[in-house]
Amino acid sequence: MFLRSAVSHLLGRAGTRLGLPLLGPASDAPAARSVSTVRFAEGDVSVHGRSAEFTRIGDEGGRVIDSFCPDCGTTVHYRIDTQPGLTAIPVGAFADPAFPPPFLSFYHESRRCQWVEVRTEPLATFG
């Protein structure tokens with residue numbers, strides 16, 4: 001069972017984490033998208049197959065290690081060094097339209113496109 005289900009509203013990042021929904025730029029304009037992920041205890045996740053890694057620095061200075069498909073570039077899972085022992089997996093990777101909705105929304109007011117609605121009750125919002 002997952003530990004946390006959240007949606008993050010992001011600006012200025014290219015690529016995809018198989019989030020739901022996803023909006024990408026059609027030009028050089030900054031990307032705006034909402035990404036749903038679930039977090040699992042690292043011991044509950046088993047990863048098989050080829051992957052490559054990309055490390056970036058998050059908004060609060062922590063390292064985010066994205067593991068992605070080396071053929072298509074899709075992020076399959078990621079880890080954040082400030083949250084040891086957890087693995088985050090994009091909800092879209094499960095290919096399950098009945099997957100439970102997020103109960104946390106990050107950057108809800110500061111970065112969320114106004115037309116993105118998160119209709120979960122209760123929903124805790126941050127930023």
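Biologist: How do the residues of the lining of the second largest pocket divide into nonpolar, polar and charged?

Modeller: They divide into six nonpolar, five polar and one charged. Ala, Val, Leu, Ile, Met, Phe, Trp, Tyr, Cys and Pro count as nonpolar, Asp, Glu, Lys and Arg as charged, and the others, Gly among them, as polar. The lining includes Val-45, Val-47, Arg-50, His-77, Ile-89 and Phe-94. Please note that this is a predicted model, in which local features need pLDDT of at least 70 and side-chain atom pairs count only at pLDDT 80 or more, while totals for chains, interfaces and linings use all residues. Residues are numbered from 1 along each chain as its sequence is written, and side-chain values use heavy atoms, with hydrogens and water left out.

Biologist: What makes this a pocket, and what is the volume of the second largest pocket?

Modeller: On a 1 Å grid over the protein atoms alone, a pocket is an open set of points with protein on both sides within 12 Å along at least five of seven lines, whereas a cavity is a set where a 1.4 Å probe fits but cannot get out; lining residues have an atom within 4 Å of a point. The volume of the second largest pocket is about 160 Å³, a volume being the space filled by probe spheres set on points joined across faces, edges and corners.

Biologist: Which secondary structure elements does the protein chain have?

Modeller: It has zero helices and eight strands, giving the pattern β-β-β-β-β-β-β-β along the sequence. Helices (H or I, at least four residues) and strands (E, at least two) are DSSP runs, numbered from the N terminus.

Biologist: Why is Thr-120 called buried?

Modeller: Buried means under 20% relative accessible area, exposed over 50%, and partly exposed in between (1.4 Å probe, protein chains only). Thr-120 has 11% relative accessibility and therefore counts as buried. Its place is in the loop between strand S7 (104–106) and strand S8 (124–126).

Biologist: Which residues is Thr-120 in contact with, leaving aside its neighbours within four places in sequence?

Modeller: Contact means heavy atoms within 4.5 Å, and Thr-120 is in contact with Pro-101, Pro-102 and Phe-103. A polar atom of the Thr-120 side chain also lies 2.9 Å from the backbone oxygen of Pro-102.

Biologist: Is Pro-102 buried or exposed, and why?

Modeller: Pro-102 counts as buried because its relative accessibility is 12%. Pro-102 belongs to the loop between S6 and S7. The C-alpha atoms of Pro-102 and Glu-121 are separated by 9.5 Å, with the two residues 19 apart along the chain.

Biologist: What kind of peptide bond joins Glu-121 and Pro-122?

Modeller: The bond is cis, with omega about -10°. Pro-122 sits in the loop between S7 and S8.

Biologist: Why does Ala-95 count as exposed rather than buried?

Modeller: Ala-95 reaches 68% relative accessibility, so it counts as exposed. Ala-95 is in the loop between strand S6 (86–90) and S7, and has a positive phi of about 50° although it is not a glycine.

Biologist: What makes Thr-125 partly exposed?

Modeller: The value for Thr-125 is 43% relative accessibility, and therefore Thr-125 counts as partly exposed. Thr-125 is placed in strand S8. Not counting residues up to four places away in sequence, Thr-125 touches Ser-105 and His-108. The C-alpha atoms of Thr-125 and His-108 are separated by 5.9 Å.

Biologist: How much of the protein chain is buried?

Modeller: Buried residues make up 35% of the 127 residues in the protein chain.

Methods. Polar contact = N/O pair within 3.5 Å; in protein donor to acceptor, adjacent residues only side chain to side chain.
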